Every structure is written in C-alpha cells, then in structure tokens.
Amino acid sequence: TDVTALVFGGLRSLLDAQVAAERRPAAVVRLRKYAGLVDGYEPLTAQAMRVTRERLADAKLLAPAKSQVERDLANGPIILQGLEKLFELYKLEGWRDPYATLKQQLTAYQDFVRTEILPKARTDFRLPADLYAFSLEQVGVGVQSEPLAKMARQAFAEIQGEMQRLAPTIAKARGLQTADYRDVIRALKKEQLVGDAILPHYRKRLEEIESIIRREQLVTLPEREARIRIATDAEAAQNPAPNMRPPRLLGNTGEMGEFILPLNIPAAPGSKAPLTYDDFTFQAASWTLTAHEARPGHEMQFAKMIEAGVSTARALFAFNSVNVEGWGLYAEWMMLPYMPPEGQLISLQFRLTRAARAFLDPELHMGRVTPDEARRVLLDDVVLSQAMTEQEVERYMFRAPGQATSYFYGYTRLRELRPEVERATGSKFSAREFHDFILAQGLLPPELLKEAVLARFVKR
C-alpha cells in the first residue's frame, strides 16, 4: 500500500475550496487518527507494516512490481510537501504537531518499503493472464485481451490514415515543408501557451465549444460555468495526466467536478529534472481536451447526475472506466466536425492514443511488446512528449493495468449504438434528445445502456 498517497487522498477530500469552511477542521481530526493520536486508533503506517509483513510471508501471493515501488518512493516527498501546503493554505488550528508526528511515521514507512518490500519486488511487471483478465472485467471491458488488441490495432491504422489525409491541408496553410502528420503535430506543438495564459485560453475555448453545442443542438448544457484549474505538484505526482476530478455523488452539497491540468511530472528515479509535457498546453490541443474533460464530456456527465438526480446504483455501483471514459472519448468525436483543421488533427491524435492503449496495454502483459517498444510507438507514431510517454507506459505496466483500454472500448460501443437509433428514427433523429437520454441514465454498463436506448428510440 502506498500509505503516503492514501493519506493525501483522504485529507485532500476535506481540504478543498468546494468543501464548506465549517467542514474543513475535520481534516485535523482525521490527521490525528491517521497518526494514532486518538484513543483506539493505531497509526495507519503501523497497520500497513503489520499487514504487509503478514502478506509477504505468504508465498502464494504476488509481490508488487519493482517499477511501481520505485515510483511510489520517488513520489512520497512530493506528496508530503503538497499535504503540508494544503494545511497552510486553509489556516486550520492544531495541525502542525500531529502533522509532524505523521510525517515522521510516513518517512519511517518509506524506509520500511525501501528495505523490506523493494528487495522482494518482482522485476517482471506483467500480471498473470487470469489477473489481467480480471482487471479488464473490473474496468468494464467486455472482451478478452486478444480480440481487444486486434480490434485496436485495426482502428489505429485507420485513424493514422485519417490523420495523414488531413495533415497536408494544415501543412499547406502554414507553409510547412513536410505534410507527414507527425511533423505537422510537432509544428503545432511549438505554439505552446505559457503560465498565466493557459487558464484564460482554456476558458475561452470552453465558451467556443458551448456556443457550437447550442447552435448545433447537440446536447442540453448546464446553466452554470464549468471549473478548470492547474494541478498542484502533489496532484500531478498522483495523477500525471489531464483529468476531471469528480464531485462526490453521495451527500453532495453543491460540489462540482473540476477539469485539472498537470503541467509536469516528477523526476523518475535516478533522473535530475522533472519531465515536462507539451501535449496539453498548445492551442490546437485545447479543443479535444476541453470536449473530453469539461463539456460535453466528463464535467457535464457528472453535473447531469448531480443536478437531475440518479439512483445510487446508477451513480456509484455501476461506476467503471468504460461507462465514464467511453462517453469522454465519444464527446471528442461529437465535437470533431466543428473544430478547425488543427483541432481535428489533434483530436484524431488523442483518439490514436486511445487505440494505442487498447493494444499496448494488453500486449505488454502478454509479453508481445516490451516497454521500450511501447515507448517507441507513443513517441514516434502517436507523437506524445517524453513525459506523457513515460506516464502512459507506467500506467499500463503498474499504475492501472487494463484501465487505459476502457476509453477505446467504451467509445466503440457508443459508436455502434448510435447508428441503430439513426436508422430507426430516420429524419426524426435528434442528437440532443439522444445525448440527453444517455446522460440521464447515469453510469450504465454498455449492455444495459443499449437495452435502455433501444427501448426508448427503436421500439418506440
């Protein structure tokens, strides 16, 4: 267990601008309990060490991957510093002494990980076939590794073809010497937004997308504004990719989701400087990222559940990556026809990334590709930055095996469903009615969503 990350997540949920001020002192209570300073509470690190030692003695269990343990150790000091900054930001009383105690405990736990777990960690990151199949099932993917990888490789080639047909138009308009899609993407990436210019640009892009949605009657928008911000270093260490931080779906008192942009990744073990992204802060990328993470993607997906109200089963029990990320990638596809050529090319690049995930992730665990081969595909063919490439490969190897395939699978199932409705409704097809109905269902697995959609549109 990465106890440092566990503690940060538990306290971060209370130390937040959207949490009512009168609730934030509960973070100090929780902090004291984590440190074992409340009667009846054993320090969290002591519990973790005891249970881990017990489990390490069981030869039937699989040790953690060495690369994962090394990454957790590298992230620990960054996350601790981020936690201290959170307490300082909200100026709570009585946190410094228990924090000092907990910091000592977490530092000792890191030493325990380094001395007792790291030597026993496995150098082969691959999961056994049955465990990997279970990972796919847990994120909602309804096919096995082999057919998934085959389907994704075919899609990868088709998307590359679309990108290559579009690239010459952009190259000609910009006077580029080459029309290869890879070189055109590299040229677009040079138009980086810097510092204080990033958030205003993304907010402006969101306004443009919302205007298109209203004009084309694609989906019904919420009345309020969406939230976008830059990630802290600690948040970037925990999740080094653009993401939507969802609101709590039980007991919500007005909190809304946030589109969070990380701009760097902590240095890898043995390296000197943090890697920097160039994948999210150039103008052409803001079209597809805003569509995916904000509107009409995740932010709106969760906003609809909170504002309209869905059952606990549809909000939490059915929550998995396929029925969340499938909608996010579908939202990119929905907006692509209305983007300028530069935005379309980068939207296709991001779709190419999702197809690459759906064959690289399973094939890494099947032993068909090596981490270095996966890096080459992502760097050369998908044209990701070194930072994005590293976090992608770590994600497939040990951060969340199987999860990255869910975007492609969920998107594919949604794309298969829409034509059935279009054929049944003909000239009466309404994109807004179709999309509003899907969002109103909450988070349903593809099979149940299909059943509901066919009952509503086709049988009618």
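Predicted model: local features only at pLDDT ≥ 70, side-chain atom pairs only at ≥ 80, totals over all residues.
Let me begin with a term: contact, as I use it today, means heavy atoms within 4.5 Å. Residues are numbered from 1 along each chain as its sequence is written, and side-chain values use heavy atoms, with hydrogens and water left out.

Leaving aside neighbours within four places in sequence, Leu345 is in contact with Met163, Leu166, Ile170, Tyr181, Val184, Ile185 and Leu188. A nonpolar core is a set of buried Ala, Val, Leu, Ile, Met, Phe, Trp, Tyr and Cys residues joined through side-chain atoms within 4.5 Å, where buried means under 20% relative accessible area, exposed over 50% and partly exposed in between, with a 1.4 Å probe and protein chains only. The largest such core has 67 residues, and of these Leu345 and Leu360 touch the most other members. There is also a second, separate core of 34 residues, which includes Phe8, Leu80, Tyr99 and Val113.

Now to helix packing. Helices (H or I, at least four residues) and strands (E, at least two) are DSSP runs, numbered from the N terminus; axes are lines fitted to C-alpha atoms, for helices over the stretch in contact, and angles run from 0 to 180 degrees between N-to-C directions. The axes of helix H3, residues 44–56, and helix H5, residues 96–117, come within 10 Å and cross at roughly 15°. That angle makes H3 roughly parallel to H5, since angles under 35 degrees count as roughly parallel, over 145 as roughly antiparallel, 65 to 115 as roughly perpendicular and the rest as oblique. On the H3 side the contact is made by Thr45, Ala48, Met49, Thr52, Arg53 and Leu56, and on the H5 side by Gln105, Leu106, Tyr109, Phe112, Glu116 and Ile117.

Helix H2, residues 26–34, also packs on H5, at an angle of about 40° with the axes 9 Å apart, and H2 and H5 are therefore oblique to each other. Here Leu31, Arg32 and Tyr34 in H2 meet Pro98, Tyr99, Leu102 and Gln105 in H5.

I close with backbone geometry. Most residues other than glycine have a negative phi, and most peptide bonds are trans. A cis peptide bond joins Arg295 and Pro296, with omega about 10°, and Pro296 lies in the loop between helix H11 (285–293) and helix H12 (298–308). Lys91, although not a glycine, has a positive phi of about 50°; Lys91 is found in the loop between helix H4 (66–90) and H5, and at 69% relative accessibility it counts as exposed.
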